[in-house]
Amino acid sequence: MSITKPFGVGLILVLLIQGVVCIDYGSALTKSLLYFEGQRSGKLPPNQRVTWRGDSGLRDGSDAKIDLVGGYYDAGDNVKFGLPMAYTITMLAWSVVEFREQLNAKNELVHALEAIKWGTDYLIKAHPEANVLYVEVGEGHSDHDCWQRPEDMTTPRPSYKIDASHPGSDVAGETAAALAAASMVFAQSDPAYASQLFTHAHEDELLWAAVWLHRASKDEAYAKWIDTWQDVGGVRTMFSWDDKVVGVQLYLAKLNMEGYMRFRGGRYEGYKAQLNEFICNCIQMGNKNVKKSSGGLLWWDPWNNLQYTASASFILTVYSKYLEANLANLQCAAGNAGPVEIFEVAKSQAAVSLGLTTAEPEAVHFHPYEAVDYILGANPLNMSFMVGFGNYPKKIHHRGASIVSITKDPAPVTCKGGYDTWFNSNNPNPNVLEGAIVGGPYDTDAYTDARNDFQQAEPATANTAPLVGVLAKLA
């Protein structure tokens, strides 16, 4: 299988001659970052590129007498959930940490930094004092009862916080990780802001947070705390906003490949072994390989499967980078795999998502329809699961995209009127939420382009964020 860089113009160029497929990964990268502008909450800036959106949520936090304006809506609804938002920022920042040069070469670094800062500015607001963190604005049940664009919201917008009386270590740890990772991103261009981010991140001690705090500061205190951790996490089945153990294992493996000896010995070998088995299972060379659809898509769950495919693709891409830098290979139950093989699996998964059909690969351990390429269209449906790229879904489950833009029709859309007029419409969405990654197909590779199928048709920030780094590497 041969994947080459694009030529000419257009979003996607497919040449089915002698097994050659051309995918415009640069265009997909641009759209992946554009997507986050479509998810913005708050007062939109003058340089806003997604012009069908308007200001929204301008009174968020007023119930608690705090400014919680800004941040991101996490999916197709209008709630701001702290855990997936913080994970999104962590993944965007991690993408810049690993692939800053590639993003800069494609003139997308500035947009990546803007996407991160829109989130971190909000996270700073959400942390007004020590041991207090606001983790949600809006309420899921009432929000989901209405179908309104964010500019028209009439649903309650309560603010929820965690503190000493209302603990929430998972979201606190992810927020600390996001701020620490972002501090690395801005360390050179805006050191004062980076320092502010790290100061806010210094409030939590969970393992994921400790990993990023150590990576950002190289402070031995975090290394010593990680040293005391007894549970290596086991072989994980996925990496996601709700389970970051694989990310911890990956960083500790990196430290040891680079000769950082604090984590040597039995504990380190446990982390490394568990990580390796996860990677081996993803590339179909392990003891308990990840399920694949008949078309070759790594498949975990009928509800928003592509979030897991995207995050696994990112882990594969980063691990292949670390292995290549250290001249190392991966030992699996079915044999050895090198960095190129591992990265090929990540890349091919993306193309399948974008809807592009490829020829049979030369290697025997992965199918022509794999992760990034699958997402972008190299799949049995020849459908891209990135909105605005190639032959993409036109009826995604997303309030803002499915209702006429407020810039074209400022008449308010009512709670139930939105269902009657827009949700139940058979017409394509009037607005294109470019760069959004929908939930994706079932394990049969079947996908229904239907607005009411929230399992398949709803995009989320946690879906697109991990692909930014992979696309930067590919572009």
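Let's start at Lys347, which is buried, with a relative accessible area of 4%. Keep in mind as you look around that this is a predicted model. The partner to look for is Asp373: the side chains of Lys347 and Asp373 meet in a salt bridge, at 3.2 Å from N to O.

In general, side chains of opposite charge can pair when their charged atoms come close. The structure holds 18 salt bridges, and the next stop is a group of residues that share such links. Asp60, Lys80 and Arg157 are joined in a network of salt bridges.

The side chains of Lys80 and Asp60 form a salt bridge of 2.9 Å, N to O. Here again distant parts of the chain are linked: Lys80 sits in strand β3, while Asp60 lies in the loop between α1 (25-38) and β3, 20 residues apart. Lys80 and Asp60 are buried.

Now turn to the Arg157 side. Asp60 also meets Arg157 through their side chains, in a salt bridge of 3.0 Å, N to O.

Within the strands, Lys80 stands opposite Val137 in β4. Strand β4 covers residues 133-137, and β3 pairs with β4 in the antiparallel sense over two bridges. As a general point, strands of a sheet pair through backbone hydrogen bonds, either parallel or antiparallel.

Stepping back, you can trace an open sheet of three strands in the order β3-β4-β5, with antiparallel pairing. Strands β3 (80-81) and β5 (159-162) stand at the edges, each with a single partner strand, so one side of each is left without a neighbour in the sheet. Helix α5 (residues 169-185) packs on this sheet and touches β4 and β5. The direction of α5 makes about 105° with that of β4.

How values were computed:
Residues are numbered from 1 along each chain as its sequence is written. This is a predicted model: local features need pLDDT of at least 70, side-chain atom pairs count only at pLDDT 80 or more; totals for chains, interfaces and linings use all residues. Side-chain values use heavy atoms; hydrogens and water are left out. Two strands pair if DSSP finds at least two bridges between them. Helices (H or I, at least four residues) and strands (E, at least two) are DSSP runs, numbered from the N terminus. Contact means heavy atoms within 4.5 Å. Axes are lines fitted to C-alpha atoms, for helices over the stretch in contact, and angles run from 0 to 180 degrees between N-to-C directions. A salt bridge is a side-chain nitrogen of Lys or Arg within 4 Å of a carboxyl oxygen of Asp or Glu. Buried means under 20% relative accessible area, exposed over 50%, partly exposed in between (1.4 Å probe, protein chains only).
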